[in-house]
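Colleague: Before we go through the assignments, could you take me through the terms and the values behind them?

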Amino acid sequence: MTAQTIVHLLRHGEVHNPTGVLYGRRPGFHLSELGNKMASRVADAVGDRDITHIVASPLERAQETAGPLSETRGIAISTDARVIESTNVFEGERFGVGDGILKHPAAWRHLWNPFRPSWGEPYSEVVARMMAAVHDAREVARGHEAVVVSHQLPIWITRLHVENRSFLHDPRRRQCTLCSLTSLIFTDDRLTTVRYSEPAADLIPLKDRAAPFSSGGQETDQTPPS
């Protein structure tokens, strides 16, 4: 008898970051008031689904995003360092064009190879750790659903991998909005569908909601290559 298992990759909610730095793996960055509302909205939207396993990155914003769903489902959060944010040499810096680290020529030496990328953790390593965590979550939740709370870049690179797409991309066009779900649907051990949805779409800041990467709250499916 075949079993369908869904592993939802949930991006964390909005972070309180008044100085606008690239926070990466730095501790002390918590959800904003809006981010907490987003996390609660996700719990309201999917809390009645057959979720039997909840995993989160060790960073505060991921743990706090998982919290409301953990309470709704009565399931403890399993912390998994494999789904943490990617490393980046620009952590702690502002990255805006004209007002951030990019205006300093000394930083340009980190930008020579966008395929690897040269400024941080290699994409191949991100995929390896994320997919290992995904398959472990699938095994634990076999026949049911699991939620893995992670970060934009690891989730997006994982999606590019399973859809057999190039890792080279424009970060401004990642379809992975705040508190979005990138859902990997397995039939037994075979990935059959990638589904994208935005359960907190109405709470996404307007500038992001209108951007090319937003689905506007519409659920979309993609069949990965065989």
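**Sheet, burial and helix packing**

Modeller: Strands β5 (residues 181–187) and β6 run antiparallel and are joined by seven bridges. The model is a predicted one, in which local features need pLDDT of at least 70 and side-chain atom pairs count only at pLDDT 80 or more, while totals for chains, interfaces and linings use all residues. Residues are numbered from 1 along each chain as its sequence is written, and side-chain values use heavy atoms, with hydrogens and water left out.

Colleague: What makes β5 and β6 a pair?

Modeller: Two strands pair if DSSP finds at least two bridges between them, and seven bridges join β5 to β6, so they count as paired. Strands themselves are DSSP runs of E with at least two residues, and helices are runs of H or I with at least four, numbered from the N terminus. Within this pair, Leu181 stands opposite Ser197 in β6.

Colleague: Why is Val194 called buried?

Modeller: Buried means under 20% relative accessible area, exposed over 50%, and partly exposed in between, with a 1.4 Å probe and protein chains only; Val194 has 2% relative accessibility, and therefore counts as buried. Val194 is found in strand β6 (residues 190–197), and, leaving aside neighbours within four places in sequence, its contacts (heavy atoms within 4.5 Å) include Arg159, Val162, Leu184 and Pro224.

Colleague: Which strands are the edges of the sheet?

Modeller: Seven strands form an open sheet with mixed pairing, in the order β3-β2-β4-β1-β5-β6-β7. The edge strands are β3 (77–79) and β7 (220–222), each of which pairs on one side only. As for β1, it pairs with β5 in the antiparallel sense over seven bridges, whereas six bridges join β1 to β4, and these two run parallel. In β4, the bridge partner of Leu10 is Val149.

Colleague: How do the axes of α1 and α2 cross, and at what angle?

Modeller: The axes of helix α1 (residues 33–46) and helix α2 (residues 60–73) come within 8 Å and cross at roughly 35°, where axes are lines fitted to C-alpha atoms, for helices over the stretch in contact, and angles run from 0 to 180 degrees between N-to-C directions. Ala39, Ser40, Ala43 and Val46 in α1 meet Glu64, Thr65, Pro68, Leu69 and Thr72 in α2. The residues of this contact divide into five nonpolar, three polar and one charged.

How values were computed: Ala, Val, Leu, Ile, Met, Phe, Trp, Tyr, Cys and Pro count as nonpolar, Asp, Glu, Lys and Arg as charged, and the others, Gly among them, as polar.
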